[in-house]
Amino acid sequence: MRRAQVGLRKILFLFLFVSVGMVALIWTAGNNASHGQATTTAAESLAAWDKIATVVEHPRCLNCHQVDSPLQGDSARLHVPLVVRGDDNMGVTGMRCTNCHSQTGNNPTSGVPGAPGWSLAPLEQNWQGVASGDICRQMLDPARNGNMNAEQLVHHFAEDELVGWGWNPGPGREAIPMPRAELTDHVKTWLAGGGACPQ
């Protein structure tokens, strides 16, 4: 009789333990769903990066993410006249970016592009000859991305005025072939999944 009671207690305890565990799991899943906390997988993050890579490797971005001199046009030809980076990424004395490029927008008469902050990307953000996976890792490294955290990276893609020029590059230049809001969503997915990068 006593053995039967002990066995029954064990069964009841096990049932109670499993029931509490199931309730906790259901509550956690429901709570996460109600707060929009769906889990992003590493595979989804990597797929989002593949979409981002089509933008960062586009001439509108890549032409200025160079070592010492920017490139021009959709064919990424050498900049004419030849200009070099300088100490502040805006050229050297006598050959400043602002000699030709407006900081307010494109010049419709001359066809010269312009935007706020017109300059080469900082040297640590050079993408010249850099593989997609290495660009990805560079973007995640505060020492090489302008000391940006995840929120600031999203803002860079979504709000930065110079980046926004890529969607309004003026006549004779192809705009970035993806809506900016879509790119921003991919950046958020990429970061939410841990910032997965290809090898």
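Which backbone nitrogen does the side chain of asparagine 145 reach at 3.0 Å? That of asparagine 147.

This is a predicted model, where local features need pLDDT of at least 70, side-chain atom pairs count only at pLDDT 80 or more, and totals for chains, interfaces and linings use all residues. Residues are numbered from 1 along each chain as its sequence is written, and side-chain values use heavy atoms, with hydrogens and water left out.

**Asparagine 145**

Asparagine 145 sits in the loop between α4 (132-140) and α5 (150-159). Helices here are DSSP runs of H or I with at least four residues, numbered from the N terminus. Asparagine 145 has 3% relative accessibility, so it counts as buried. Buried means under 20% relative accessible area, exposed over 50%, and partly exposed in between (1.4 Å probe, protein chains only).

A polar atom of the asparagine 145 side chain also lies 2.7 Å from the backbone nitrogen of methionine 148. Neighbours within four places in sequence aside, asparagine 145 is in contact (heavy atoms within 4.5 Å) with Gln125, Gln138, Met139, Leu140 and Leu153.

**The disulfide**

A disulfide is a covalent bond between the sulfur atoms of two cysteines. The cut-off used is a pair of cysteine sulfur atoms within 2.5 Å. By this rule the count is one disulfide. Cysteine 136 is joined to cysteine 197, S to S 2.0 Å. The pair links distant parts of the chain, 61 residues apart: cysteine 136 is in helix α4, cysteine 197 in the segment after α7 (180-192). The torsion about their S-S bond is about -75°, so the disulfide is left-handed. Both cysteine 136 and cysteine 197 are buried.

Cysteine 64 is in no disulfide; its nearest cysteine sulfur, that of cysteine 97, is 7.8 Å away. Cysteine 100 is in no disulfide either, with the sulfur of cysteine 97 nearest at 9.1 Å.

**Salt bridges**

The structure holds four salt bridges. The term means a side-chain nitrogen of Lys or Arg within 4 Å of a carboxyl oxygen of Asp or Glu.

Aspartate 88 is partly exposed, at 38% relative accessible area. Arginine 96 is partly exposed too, at 27%.

Aspartate 134 and arginine 137 both lie in helix α4, three residues apart, about one turn of the helix. Aspartate 134 is partly exposed at 37%, and arginine 137 at 32%.

Aspartate 141 is partly exposed at 27%. Arginine 144 counts as partly exposed at 33%.

Note on methods:
Helix = DSSP H or I, 4+ residues; strand = E, 2+ residues; numbered from the N terminus. Polar contact = N/O pair within 3.5 Å; in protein donor to acceptor, adjacent residues only side chain to side chain.
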